[in-house]
Amino acid sequence: MDELKFRREAYENPQRRDADFIAAMGESSQRTQFVNDLKRFDNQIEAALNIDVPTGLEAKLLLNQQLHQHQVRRRKMGFTLAMVASVAFVAGISFSLFRLGPVDLGEHALAHVAHETVAMQSSLDISYNTINSQLASLGNFANARFTEQPGRVFFSTYCDFQGVRSLHLVMQGEQGKVTLFIVPIEERMILEQAFADNRYQGEGFTADNAYMLLVAEHHSDIDNIKNEIQQTFI
C-alpha cells in the first residue's frame, strides 16, 4: 500500500483492523506513530464534547447531533488535525455561552413538551409527598411545597432548564394532560405570562421562589391547574 492510500485510509478510520491496513502500518514506525496520533486525537475530541447533562435535555440532543455530524464530515472530507482541533474548540466555547445566556422560559418549556413524548404517555399516580421530596432535594426552594394533592399527577422527574435543575410534572386537566415545570428563580430567566406554538398554549407565573410554567393544548386546562396550584403550593 503506497503512502497516499495509507494516509487516506487512516484519516477515514484510524481504528480499522483489516489485514492490509495493519500490514501497511507495520512497515514503518512513522506510520504506526501517525495512526496512534489520530486515535489519541479522536479520544481527545470525544472527551472534550462528552458533557454530562441530564437525559432528555434538548441541549444534550443538539450536542450529540453536532458530534455525529462532525465525525461524518471528518471521515468524508479528510479534515486535517489542525482543523478538527479548531472546530472542537469553537464548539466548546459556543456551548458554554449557550448555557450562560438568557433563558426564555416559555420557548424552553414548549421545546421540552415537544421532545419529552414519554412523559405525556405516563399513567402513574404520583403523590404530593413524592413531589415535595423532589422539590426539597433541589435545594433552591427553601420550604416551598404542596400542602395537599394538586389533582392527579401522571409523571414527575427532574429536568434541566439550560443549566438550572428543575422539576417536570404531567397532570390531568379536564380536557387533556397539562405539563407543569417548576423552575428556581434566577436573574437570567425571562418569563412571559403567555406563550404558544402551533399546537400548545402556555402560561407562566411566580409562586414563592419558583417560576411556574403550564403547557397544554386547551387553555381551560391551564386555568384549572393554575387554580389548583395556587391553592396547594406554598
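1. Let's start at one helix end. Asp104 caps the N-terminal end of H6, with a side-chain oxygen 3.2 Å from the backbone nitrogen of Gly106. Keep in mind while you look at this contact that the model is predicted. Helix H6 itself covers residues 105-115 and is mostly covered, with 8 of its 11 residues buried. Those buried residues are Leu105, Gly106, His108, Ala109, Leu110, Ala111, His112 and Val113.

2. Now step back to the whole chain. You'll find 9 helices and 8 strands in the protein chain. Of its 234 residues, 41% are buried. Among contacts with a separation of 6 or more, 56% join residues 24 or more positions apart.

3. What is the order of its 6 strands? Reading across the open sheet, you go S2-S3-S4-S8-S7-S6, and the pairing is antiparallel. Strand S2 (153-161) and strand S6 (194-196) stand at the edges with a single partner strand each, so one side of each has no neighbour in the sheet. On average, neighbouring strands are turned by 25° against each other, direction ignored.

4. Two helices pack on this sheet. Helix H8 (residues 128-138) touches S2, strand S3 (164-172) and S4, and its direction makes about 165° with that of S3. Helix H9 (residues 219-232) touches S3, S4, strand S7 (201-207) and S8; its direction makes about 15° with that of S7.

5. Strand S8 deserves a paragraph of its own. On one side, S8 (residues 210-216) pairs with S4 (residues 177-184) in the antiparallel sense over 6 bridges. If you want to trace that pairing by eye, Pro184 has Ala210 as its bridge partner in S8, and Ile182 has Met212. S8 also pairs with S7, again in the antiparallel sense, over 7 bridges. There, Gln201 has Ala216 as its bridge partner in S8. The hairpin of S7 and S8 has 2 residues between the strands, and Asp208 in this hairpin takes a positive phi near 55°.

6. Is S8 mostly covered or mostly open? It is mostly covered: 7 of its 7 residues are buried. Ala210, Met212, Leu214 and Ala216 point one way from the strand, while Tyr211, Leu213 and Val215 point the other way, and all are buried.

7. Which residues touch the most other members of the largest core? They are Leu135 and Ile182, in a core of 24 residues. H8, S3, S4, S7, S8 and H9 each supply at least two residues of this core. The largest share, 4 residues, comes from S8. Apart from this core lies another of 16 residues, among them Val103, Cys159, Val164 and Tyr200.

8. Leaving out residues up to four places away in sequence, Ile182 touches Leu135, Phe141, Phe146, Ser166, Leu167, Leu169, Ala210, Tyr211 and Met212. One of these contacts, Met212, is also the bridge partner of Ile182 in S8.

9. Is Asn132 buried or exposed? Its relative accessible area is 14%, so it counts as buried, the cut-off being under 20%. Beyond residues up to four places away in sequence, Asn132 touches Arg145 and Phe146.

10. Last, a look at Arg7, which lies in helix H1 (residues 3-12). With 34% relative accessibility, Arg7 counts as partly exposed. Arg7 and Met25 are 18 residues apart along the chain, and their C-alpha atoms are separated by 9.7 Å.

Technical notes. Residues are numbered from 1 along each chain as its sequence is written. This is a predicted model: local features need pLDDT of at least 70, side-chain atom pairs count only at pLDDT 80 or more; totals for chains, interfaces and linings use all residues. Side-chain values use heavy atoms; hydrogens and water are left out. Buried means under 20% relative accessible area, exposed over 50%, partly exposed in between (1.4 Å probe, protein chains only). A polar contact is a pair of N or O atoms within 3.5 Å; within protein, one must be able to donate a hydrogen and the other to accept it, and residues adjacent in sequence count only if both atoms are side-chain atoms. Two strands pair if DSSP finds at least two bridges between them. Axes are lines fitted to C-alpha atoms, for helices over the stretch in contact, and angles run from 0 to 180 degrees between N-to-C directions. Contact means heavy atoms within 4.5 Å. A nonpolar core is a set of buried Ala, Val, Leu, Ile, Met, Phe, Trp, Tyr and Cys residues joined through side-chain atoms within 4.5 Å.
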